[in-house]
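User: Please take me through this model in questions and answers, with the criteria behind each term.

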Amino acid sequence: MENVTSDRKLVDHCSLRLDILFFLDYDIDEELPWHSTISRTRQLFPEDVFESVFVKVFGMCVEKGMVSGHTQGIDSAPVKANASMDSLELKVPEAELGEHLKRIRHISSMDKKVPFRKSKGSRADKEQQSITVSKKELDSIASRNRKWAMDQDQRPGAGNKGSKYTSNKTHYSPTDPDVRISVKPSKARKLNYLSQLAVDTASHVITDIKAYHADGKDNQQLPDIVKRVQRRLWKEGLLWENCVADTGYSSGENYALLEQKGLKSFIPPNGTYRGGPENFVYDQNEDHYVCPQGKVIPFTKEFLDGRTQTRKKEYRARKHICTGCPIREQCLGRSAQEKKFSVTYYREEYQRNIERVNGPQGRYMKGKRQSTVEPVFGTLTQFMELRKINTLGLAQANKAIQQSAIAYNIKKYLKFSGKRTKSGAGMLALSIFIKKGAFKLKSLLLGLPKLHANPVT
């Protein structure tokens with residue numbers, strides 16, 4: 001049964017906590033539901049039920065004044081999936097892929113035989129089992145690993161149990177086709193989901209959480225996150241002004257999107273950003289650069305980068321402009337005949353964001369993000385059963401992380417209420433308040449059957 005361990009812990013914990021029993025409207029002598037009942041109920045209820053409960057709890061936090069909406073910190077973290085690297089299989093057509101990998105000498109002995117842990121059945125459809133990337137992308141696997149002079153089986157660690165060369169482009173998990181291999185420098189490759197989290201900086205209430213495929217990039221998922229958070233805050237009558245995130249969310253498209261939505265971005269640019277060649281001056285009115293020798297490098301065209309698919313602008317000077325220049329070889333090198341370079345299309349958005357990030361408010365926002373989002377992730381993984389997702393499929397994974405977020409916000413809600421009572425004189429009012437809050441939460445699920453002690457069928 002999925003998530004049996006965590007659900008049993010929940011039931012055992014509830015049996016010892018009278019305040020939780022009171023919140024759930026269970027009597028002291030009333031039998032608690034079996035862990036299998038909770039697991040089965042989670043599978044049966046659709047995602048929108050969990051979303052509705054999350055929104056309801058969030059609304060209760062807003063009513064209590066715990067959410068300002070002014071500044072939101074966004075971050076992500078991989079969550080271990082319920083699938084094994086040992087069960088990975090090659091995508092079809094296996095014969096063609098096998099010949100390709102043998103040719104580039106990057107196949108391990110594990111891929112030449114059956115998987116180390118053969119799956120009982122495959123949940124993947126034909127498309128997920130097939131190679132969908134181009135030959136050029138497959139060849140890039142070889143180019144990134146040209147330094148490998150020997151077969152992987154001869155390298156350190158290749159003899160470990162289940163060792164194989166893996167990539168999302170060449171392998172899939174038959175157990176859970178939605179999981180992806182998470183690749184991070186100096187980290188072991190694992191099958192994960194990616195949890196994206198937004199937290200309000202006032203009282204660290206979670207404003208949004210969702211599971212994504214682990215091979216996606218943060219900057220690709222930011223527009224979806226911003227859309228949901230802004231709509232949710234707007235419905236509660238809150239105004240969002242500052243978006244704080246780390247370098248992984250940086251892109252010109254994201255800076256432009258945030259400005260379009262009236263948000264100030266505090267997202268440090270990544271290392272690939274270049275505002276133009278060093279010592280070249282940009283003329284915004286004429287849209288050209290001036291080199292250190294006073295020569296004009298005009299704008300020539302706009303194009304999409306073939307690797308990143310981002311918009312860029314090309315600037316190029318004709319050959320005669322650089323003829324006789326005293327710093328020609330230093331500027332062009334030995335082979336180039338003309339000065340040519342590309343700059344991001346969103347140069348102005350980058351510059352405005354960089355000014356904010358490097359200013360006093362930007363330094364404050366950096367500390368605010370580190371002290372807001374990262375502790376929340378720590379709490380979710382250590383105390384809210386989010387270290388590993390024991391369900392299968394992206395939809396079920398999303399339910400699991402929403403459950404953790406709901407529990408976290410309820411805990412913050414109860415603690416926030418408790419801080420207002422310093423003596424026993426206010427305990428009666430506090431108990432009435434908590435009872436009302438419980439009634440509001442349960443009213444959302446009005447009409448749903450109460451969980452019984454016996455497992456549902």
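**Overview and elements**

Analyst: The protein's secondary structure comes to 15 helices and 13 strands, where helices (H or I, at least four residues) and strands (E, at least two) are DSSP runs numbered from the N terminus. This is a predicted model, in which local features need pLDDT of at least 70 and side-chain atom pairs count only at pLDDT 80 or more, while totals for chains, interfaces and linings use all residues. Residues are numbered from 1 along each chain as its sequence is written, and side-chain values use heavy atoms, with hydrogens and water left out.

User: What percentage of the 457 residues in the protein is buried?

Analyst: Buried means under 20% relative accessible area, exposed over 50%, and partly exposed in between, with a 1.4 Å probe and protein chains only. Counted over the 457 residues of the protein, the buried share is 44%.

User: Among contacts between residues at least 6 apart in sequence, what percentage joins residues at least 24 apart?

Analyst: A contact here means heavy atoms within 4.5 Å. Of the contacts in the protein between residues at least 6 apart in sequence, the share that joins residues at least 24 apart is 71%.

User: Which elements are included in what covers the buried residues of α10?

Analyst: Helix α10 spans residues 252-260, and its buried residues are G252, N254, Y255, A256, L257 and L258. After the helix comes G262, which has a positive phi near 75 degrees. The cover over the buried residues of α10 includes α9 (218-235), β7 (242-244), β8 (264-266) and α12 (347-358).

User: Are α9 and α10 roughly parallel or roughly antiparallel to each other?

Analyst: The two helices α9 and α10 pack with their axes 9 Å apart and at an angle of about 15 degrees, the axes being lines fitted to C-alpha atoms, for helices over the stretch in contact, and the angles running from 0 to 180 degrees between N-to-C directions. N219, L222, P223 and V226 of α9 make the contact with N254, L257 and L258 of α10. Angles under 35 degrees count as roughly parallel, over 145 as roughly antiparallel, 65 to 115 as roughly perpendicular and the rest as oblique. The arrangement of α9 and α10 is therefore roughly parallel.

User: Which strands are the edge strands of the open sheet formed by five strands?

Analyst: The five strands are ordered β9-β10-β11-β12-β13 in an open sheet with antiparallel pairing, and two strands pair if DSSP finds at least two bridges between them. Each edge strand pairs on one side only, and these strands are β9 (281-283) and β13 (340-344).

User: Which residue of β11 stands opposite V290?

Analyst: Strand β10 (residues 288-290) and strand β11 (residues 296-304) run antiparallel and are joined by three bridges. Opposite V290, the residue in β11 is V296.

**Salt bridges**

User: Which residues are linked with D224 in a network of salt bridges?

Analyst: A salt bridge is a side-chain nitrogen of Lys or Arg within 4 Å of a carboxyl oxygen of Asp or Glu, and a search of the whole structure finds 15 of them. One of these joins the side chains of D224 and K210 at 3.7 Å, N to O, and the pair links distant parts of the chain, with D224 in helix α9 and K210 in strand β6 (residues 206-213), 14 residues apart. D224 is partly exposed at a relative accessible area of 30%, and K210 is partly exposed at 28%. The network links D224 with E51, D208, K210, R228 and R232.

User: How many Å apart in space are S84 and T175, C-alpha to C-alpha?

Analyst: S84 is found in the loop between β1 (71-80) and β2 (89-90), and at 18% relative accessibility S84 counts as buried. S84 and T175 are 91 residues apart in sequence, while their C-alpha to C-alpha separation in space is 8.2 Å.
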